Amino acid sequence: MHESWKKVLNSEIRSSWFHELADKVAAERRDHVVYPPTGKVFTAFEITPFDQVRVVIVGQDPYPGTGFAHGLSFSVPKGVEVPASLRNIYRELETDLPGFKAPKHGCLVPWAEQGVLLLNTVLTVQAGKPASHRDLGWQQFTGAVLEKLVQKDSKIVFLLWGRHARDVASDQMRGRHVVLEAAHPSPFSASDGFFGCKHFSKANAALVEAGLEPIRWELD
């Protein structure tokens, strides 16, 4: 975790509930295969420092398949098959941004390096069992992360796709920042409001209006 995050989350990291959460995850790892690997759980907080966050893309929990999860919402390492939801994200980018060409990989690290926090609300998952760690207590931690971001003076654009992501939006978040909502990019819902949302161009327009640099969404 980047030092900037350790500083703003110091009280949470030192709390008894966070240590209890860590113990629960450790116990899960003893009895089951858990993703992402231990060293990748906080990748989003390593690559994207707190003071550089300009956009937040909220996901639910890591991909439960072997080799997919590496600590960034919707992203997978290079060499891994691009998941269906991410293929739909690329499809929307191609229609939203002239010249965007979908890459053959699903690694979104270049976004994270520009200040896009790729945040799952639950940071671990048991192999093959989506949402299996939703009751461990991760939401208390990621809720604190979102609260710290909302308190920032600089403008942030929150991209909330699907009901689960929209549920994290507080009145304060909507009042202080830019909140863009749409259906989830999953094949089951993308046609119900994700396709055509133009969130990527809208996010850049909001950043420029706030005097901030836009995101270069191209990945190749």
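Q: How many disulfides does a search of the whole structure find?
A: This is a predicted model, in which local features need pLDDT of at least 70, side-chain atom pairs count only at pLDDT 80 or more, and totals for chains, interfaces and linings use all residues. Residues are numbered from 1 along each chain as its sequence is written, and side-chain values use heavy atoms, with hydrogens and water left out. With a disulfide taken as a pair of cysteine sulfur atoms within 2.5 Å, the number found in the whole structure is zero.

Q: Is C107 buried or exposed?
A: Buried means under 20% relative accessible area and exposed over 50%, with partly exposed in between, for a 1.4 Å probe and protein chains only. The relative accessibility of C107 is 12%, so C107 counts as buried.

Q: Is C197 buried or exposed?
A: The relative accessible area of C197 is 7%. Because of that value, C197 is buried.

Q: Which helix gives the largest share of the lining of the second largest pocket?
A: A pocket is an open set of points on a 1 Å grid over the protein atoms alone where a 1.4 Å probe fits, with protein on both sides within 12 Å along at least five of seven lines, and lining residues have an atom within 4 Å of a point. The lining of the second largest pocket includes F18, L21, R29 and W138. Helices are DSSP runs (H or I, at least four residues) numbered from the N terminus, and the largest share, six residues, comes from helix 3 (residues 16-31).

Q: Which residues lie nearest the centre of the largest pocket?
A: The largest pocket holds about 430 Å³ of space, a volume being the space filled by probe spheres set on the points, which are joined across faces, edges and corners. Of its 24 lining residues, those nearest the centre are D61, P62, Y63, P64 and H184.

How values were computed:
Helix = DSSP H or I, 4+ residues; strand = E, 2+ residues; numbered from the N terminus.
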